[in-house]
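Good morning. Please look at the structure first.

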Amino acid sequence: MGCENTLRCVHCGFPLKSLYIQYSPGNIRLMKCERCKKVADEYIECENMILVIDLILHKEKVYRHLFYNMFTRETLNFEVWLWKLAFSFLILDTYKIFVLSRIEDGLKSSMSFASLISCYAKLLMDVGFGNLMFLMMLFLGIRVLTRASVGTTSFKDALLAILVSSYFKIFLLSTMIWEFPSSVLYINDIVVLSSNTVALKVITESSMPRCLAVCLSAYAVKFLVMEMLNGALLIFGGIDWA
Ligand SMILES: [Zn+2]
């Protein structure tokens, strides 16, 4: 998804024309970075498992490998992937709220059809408005970040980086099999937030505290909006879980 369609050194982000020279099929030599003199992208020869471990460890270089060298606009149907990931993000978000309500409010399995419908309507409204505000805050934050830095990041690139780096949300699916206390879901949120921060830093080339501030404020606004919606719906009475 590299914003300027250039390959980059995973260590320092320096733009490169190529990452390796191929002599014959399976026989390649990795290029060194002109700026930091390290091998520009050693992940090309790494097992996928190492990539996954480094991703979990939030290493900036693996995010650079993913965003600039692996999924470029040439190798990726950008728009399609953006929609697919956004859709999965929303589904997982809805599922998380559903699980949280089940844990905290003790959602009854023997609900009437009407209350089940109103329950889902409320869920979708919460997630819809919450994520709309999240998107707006993120947009504002990224505008502030990119104006201050050298890179010219488009919002779509940054949004795709945020969606990809939210991969830890998949963990939510394990709640289908095992029961967890709600604190585990909040810890999952923190991991997603930190992963998003690293991804935003890599894609905007801005500083870590600034990226953390942007992600934190976007999630805080989303949380507040969803809480306010919850409160408003309870006050105006129409829709309730029970
Ligand atoms: Zn370098």
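**Aromatic rings in the model**

Phe134 and Tyr219 are both buried. Keep in mind that this is a predicted model.

Some background before the numbers. A pair of aromatic rings is described by how far apart the centres are and by the angle of the planes.

The structure holds 8 aromatic pairs. I start with Phe134 and Tyr219: the ring centres are 4.7 Å apart and the planes are at 50°, so this pair is tilted. The cut-offs matter here, because under 30 degrees would count as stacked and over 60 as edge-to-face.

Where do Phe134 and Tyr219 lie? Phe134 is in helix H4, residues 113-148, and Tyr219 is in helix H7, residues 208-235, so the pair ties together parts that are 85 residues apart in sequence.

The next pair is Phe171 and Phe180. Their ring centres are 5.5 Å apart with the planes at 45°, so this pair is tilted. Phe171 counts as partly exposed, at 30% relative accessibility. Phe180 is partly exposed too, with a relative accessible area of 24%. The cut-off for buried is under 20%.

Which residues do ring pairs link into a cluster? They are Tyr167, Phe168, Phe171 and Phe180.

Last, charges over rings. Arg8 lies over the face of Tyr68, 4.4 Å from the ring centre. Lys169 has its charged end over the ring of Phe89, at 4.7 Å from the centre of that ring.

That is the end of my part.

Key:
Residues are numbered from 1 along each chain as its sequence is written. This is a predicted model: local features need pLDDT of at least 70, side-chain atom pairs count only at pLDDT 80 or more; totals for chains, interfaces and linings use all residues. Side-chain values use heavy atoms; hydrogens and water are left out. Rings of Phe, Tyr and Trp (its six-membered ring) pair if their centres lie within 6.5 Å; planes under 30 degrees apart count as stacked, over 60 as edge-to-face and the rest as tilted. Helices (H or I, at least four residues) and strands (E, at least two) are DSSP runs, numbered from the N terminus. Buried means under 20% relative accessible area, exposed over 50%, partly exposed in between (1.4 Å probe, protein chains only). A charge sits over a ring if NZ of Lys or CZ of Arg is within 6 Å of the ring centre and within 35 degrees of the ring normal.
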